[in-house]
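Me: I would like to learn how to read helix packing and a ligand shell in a model. Where do we start?

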Amino acid sequence: MIIGIGGAGGKLASGLSKEATVINVSEVEMHKLGLANSILAYTNNEKGQLVGSKKDPNIGKTAFNSVRGQLLDIIKGNAIITSSGGGTGNGITSQVLSYISSLEKVSDINRTQFIIILPYAKKEPSEYVNNTIEFLQGPLWKGVDSTNTGNTFLFSNKCKYEGRMAEKDFNELICSSLATLNSIPEKGDKYELLEGHIDKEDFEAYKAKSFFNYFTDFEYNPDRYFDEQMEENYNELMLRPDVPIEALFLLEVPEGYDHTVFYNILDHFDAQKVTPIYSVVRNPNIDKPHITVSLLYSRKPAELVDDYNRVAEETTREKIKKSIDLSPKLERVAVNMETKAEEVAREEGTEASEIKNILKRLGKI
Ligand SMILES: Nc1nc2c(ncn2[C@@H]2O[C@H](COP(=O)(O)OP(=O)(O)OP(=O)(O)O)[C@@H](O)[C@H]2O)c(=O)[nH]1
Ligand SMILES: [Mg+2]
């Protein structure tokens, strides 16, 4: 089951499944989704129930207390989807992560996956960006580091903005990419299985690992280096992965195709000292081989923030330019000065407040 928290979380969860459960402080927003399962989180304010958390995660954190019991019960073995920018999704999810981190040990079957939608720093308000940076290096990282979470998926709103996409179309892109990944065990059952086998249990065990999950899918050309093709077909919806700790792939080949080309892919992972789990199937509906690959990787707090900042620094690649109508000029990235100051302070062993004072005097923050 999928649980959508806050505005973005709710919309995406409803795109993923009509059986989704959504949680929000806004009854109106939830009602629009037309789902059977929705839970209203209460905000105790002198003005009564708020209709949003006003981009303040502290409001979401307070609202968490009103749904705590119900929410902690349904997250077991399921996935949470939320944005990290606003107050509701960020605040409630932060509390869930803190709770999970505090537990002794969560068994595989009870692990929760986290699907996070990150704001695009170049085009979105600084509150969204700052909330995200706090979230990445704080509760999210602690959760993953506790090894009590399942996979964490980090999506970025970059393509939405650079591609000038309608929110609905962009959400469909995220939902369909997740559906492609999740169809791996079914495809192994549905099509003629030629090599390997990722069954439902293997897949669930993979998704229960406390790592970041990056995945992509593309038409595979066995005559070219696999690394090159992974790079060319980088999934623009997600943050870039680090070297994989574990991997999984599904190779689909057309009728009559020599499927032993999958050994090339094993060689690639062998060079990275990773032994992937895989399925190779014959799909009569395609005329070129197609691969879906997932990598699990690990990140430290500062690296997570770097990954996030890099999304805005990277020159947008040819692929987005071609596929979506794009504004070609890329401005320089707004570096988050406060976070940078804290990073430098850590490295230098000085007080962050000292560096911040200098930056304040220079008018940088
Ligand atoms: N991809 C995508 N991003 C969205 C969508 N709706 C909001 N966002 C992004 O989510 C972030 C804002 O968070 P929301 O999900 O509205 O925040 P919330 O959790 O409802 O919290 P509050 O609005 O403060 O109560 C921003 O980065 C938005 O760009 C959506 O439908 N799709
Ligand atoms: Mg909202």
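Reply: Start with handedness, keeping in mind that this is a predicted model. The helices α1 and α7 cross in a right-handed way. The residues that make this contact are K11, L12, G15 and L16 on the α1 side, and N171, E172, I174, C175 and L178 on the α7 side. Sorted by class, they are five nonpolar, two polar and two charged.

Me: What else describes two packed helices?

Reply: In general, a packed pair is described by the angle between the two axes and by the distance between them. For α1 and α7, the axes come within 9 Å and cross at roughly 50°.

Me: How do α5 and α12 cross?

Reply: Helix α5 (residues 126-145) and helix α12 (residues 301-313) have axes that come within 9 Å, with a crossing of roughly 145°. This crossing is right-handed. From α5, T132, I133, L136, Q137 and W141 meet P301, L304, V305 and Y308 of α12. The classes here are seven nonpolar, two polar and no charged.

Me: Which residues are closest to ligand 1?

Reply: They are G6, G7, S83, G86 and G89, out of 23 residues that surround ligand 1. Elements giving two or more residues to this shell are α1 (6-16), α4 (88-102) and α7 (167-182). The largest share, four residues, is from α1.

Me: How does the shell around ligand 1 divide by class?

Reply: It has five nonpolar, 12 polar and six charged residues.

Methods:
Residues numbered from 1 in each chain as written. Chains lettered and ligands numbered in written order. Predicted model: local features only at pLDDT ≥ 70, side-chain atom pairs only at ≥ 80, totals over all residues. Near = placed C-beta within 6 Å. Nonpolar A, V, L, I, M, F, W, Y, C, P; charged D, E, K, R; others polar. Axes fitted to C-alpha atoms, helices over the stretch in contact; angles between N-to-C directions. Left-handed = near helix turned anticlockwise from the far one by under 90°. Contact = placed C-beta atoms within 7 Å.
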